[in-house]
Amino acid sequence: MHSLPSQAMRPLSFNPSLSSSRFPFFSFSIPIFHKFKTNPTISKKSQKGPSFLTLRCCSSGSVTAKSSSELRRNRAVQEPDEKVVALRQLFPKPGIGIDAYIIPSQDAHQSEFIAECYMRRAYISGFTGSAGTAVVTKDKAALWTDGRYFLQAEKQLSSSWILMRAGNLGVPATSDWLNDILAPGGRIGIDPFLFSYDAAEELKEAISKKNLELVYLYDINLVDEIWKESRPKPPNKPIRVHDLKYAGVDVVSKLSSLRAELVGTGSSAIVISMLDEVAWLLNLRGSDVPHSPVMYAYLIVEVDAAKLFVDNSKVTPEVMDHLKNAGVELRPYDSILSEIRRLAAEGAHLWLDTSSVNAAIVETYKSACDKYLMNHGSRGKIKNKGYGESNGLSIVPSGVYMRSPISLAKSLKNPAELEGMKNSHLRDAAALAQFWCWLEEETHKNVKLTEVDVADKLLEFRSKQDGFLDTSFDTISGSGANGAIIHYKPEAESCSVVDPNKLFLLDSGAQYVDGTTDITRTVHFGEPTSREKECFTRVLKGHIALDQAVFPENTPGFVLDAFARSALWKIGLDYRHGTGHGVGAALNVHEGPQSISYRYGNMTPLQKGMIVSNEPGYYEDHAFGIRIENLLYVQEIKTPYRYGGIEYLGFEKLTFVPIQTKLVDLSLLSVEEIEWLDNYHSQVWEKVSSLLEGSARQWLWNNTRPIAKL
């Protein structure tokens, strides 16, 4: 799947500044967590999280943006939007009293993919892309999204919405736009559960310049109020235990390592709200969120206790025993704020990752700390187990604001996790070989297939593989011009027929019990043009360059991004997305903190065991799209020399599916690049052929022959 613009797959930020370089590095006898190189900040303003959508490049004055209707010539009259009208009618109600309302994409856990009942931004705007922010004022409605979704947003937004193409010259950030159109003293409402604390603080600071007020609406979400009975019910499917043979490390060991970190940083407890972090730490998996094997839950780990806040109806007897054996207690999902207040009242120093923990939790803790100080004074008595003084800290409760240590620990795959990823990728490759064989046969028979037909058939092949659970994201099946829509999702009622005379881009992935896959291939069933071949070959050259990269340890991902773009840059071409994102092991298809992107704010070094995608591309709007994607894992490279006494790292492939050689202009490839392609196809045949038979095996043979012999 295309790489996210976020440096580390983190939540929405309203500040264009890039993220801090503070990331945790821990080490223990069980190498799960890696020691911090910086000291924690106690009771001070937290470091800012990385930007997600703002990518601001705006002028100092006011900016006029075109509405989406101006982009569609067949629509001349602005249409009223009943949902927006209904939302505005709530603005003056008692207890609300606002002039604007912001609707982000996220749920209370800052998830990329969210349950249908939390898709508020999609409901209010009609734009279904996974990234975007909607803002409704008393007389305007605007939506910000990034370059992956510009074409999709143009199609989906009604004429009453203004499309803000984040990152384009002259497009203001959300806060700048609000500062420009609202009168001083205006009130901007948000649901504090849907914003990370950092994002809310950045917004608050930005709008204060024009004397605007940010209003936290704790008890009401305005979109839910107009959604009413038609809003889908929250998910309640059962949670399952992630087998130790796939997890590699048991829960007790993970919690022990984390608790050592709590003591080392002077924390009494840590609040974990990112769903994949909860799932990874407890070796649990769920199905609350489309494409991601996670469950809606919060986790609080104390030095001698742990509490999982989850809907109890999802907890099976097996899961109950699993948690009990690890010393984890259950609490109702919606009791998280009361537990935060209780911990503050007992003097707890909470470790809070304010780039991901929502503003409602952090503000509740801060308010409870203030209340404690008022009731007890600076040296008041503490009610429980020695919070504070035992760690050499003030007994007044205060926050420890640092990045979650789980994010990095989760990204460093242990041997069992890597083995599961390798095995699942081979089964996935077999399914893809069967699929491509079928599609070529159908196309040659002139069978008309839509983009949805093709995606459904791929799902059918994958579902027959052992351990298959779900897709890892909505399949991007784009023929011709639709391939240029970077995050295209075909719909049955509006999608195109796959045209054999045009490029076809297929970006897909799967969730298996032992791993997560993500792969993109671009093919042509007829005769590609010289332009298409040149663009494809230059994308391939970038893919090869990154795959072969060797780099010293402690190298951040952004250093490698140019490897993938260089061949395109040489003729003045580029692409509007990052080159690589982290991938979870039987978890989220996008994970941080690592990435490979031209946005240089993410200083997380690539380390052994990390998994990243390698997916350069090129897109001509309204014409075609090209992307070639494999997953790689980072490993040590045995170099002849070790300058400075350090290790050198490189990549090993996880993905083994043929790259269509018909699209390659051999005159643009070096001898070494041709050797790379032949060697790759040799590995594909060696690793995957034994899993196939009949026509699919023959297809694999035909598509893995050395170029020199074609």
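Select Leu-540 and show its neighbours: it touches Ile-628, Ile-659, Val-664, Leu-669, Trp-676 and Leu-677, leaving aside residues up to four places away in sequence. Contact here means heavy atoms within 4.5 Å. This is a predicted model, in which local features need pLDDT of at least 70 and side-chain atom pairs count only at pLDDT 80 or more, while totals for chains, interfaces and linings use all residues. Residues are numbered from 1 along each chain as its sequence is written, and side-chain values use heavy atoms, with hydrogens and water left out.

Together with Leu-540, they have the most contacts inside the largest nonpolar core, which has 61 residues. Such a core is a set of buried Ala, Val, Leu, Ile, Met, Phe, Trp, Tyr and Cys residues joined through side-chain atoms within 4.5 Å; buried means under 20% relative accessible area (exposed is over 50%, partly exposed in between; 1.4 Å probe, protein chains only). Colour helix H14 (residues 415-444), which gives the largest share of this core, 10 residues. Helices (H or I, at least four residues) and strands (E, at least two) are DSSP runs numbered from the N terminus. A second, separate core has 43 residues, including Tyr-118, Val-251, Ala-297 and Val-400.

Now go to the sheet. Six strands form an open sheet in the order E12-E11-E10-E8-E13-E14, with mixed pairing; two strands pair if DSSP finds at least two bridges between them. Strands E12 (328-331) and E14 (400-401) are at the edges with a single partner strand each, so one side of each has no neighbour in the sheet. E11 (residues 306-310) and E12 run parallel, joined by four bridges. Select Lys-307 to find its bridge partner in E12, Glu-329.

Show helix H8 (residues 251-264) over this sheet. H8 lies across E8 (269-272), E10 (297-302), E11, E12 and E13 (350-352), at about 65° to E10. The angle is between N-to-C directions, from 0 to 180 degrees, with axes fitted to C-alpha atoms, for helices over the stretch in contact.

Move to helix H5 (residues 197-208). Nine of its 12 residues are buried, among them Tyr-197, Asp-198 and Ile-207. The buried residues of H5 pack against strand E1 (100-103), helix H4 (174-181), strand E5 (187-190), strand E6 (213-216) and helix H12 (359-376).

Finish at helix H17 (residues 561-569), where Asp-561, Ala-564, Arg-565, Ala-567 and Leu-568 are buried. Their partners are helix H16 (530-547), strand E23 (591-596) and strand E25 (617-620).
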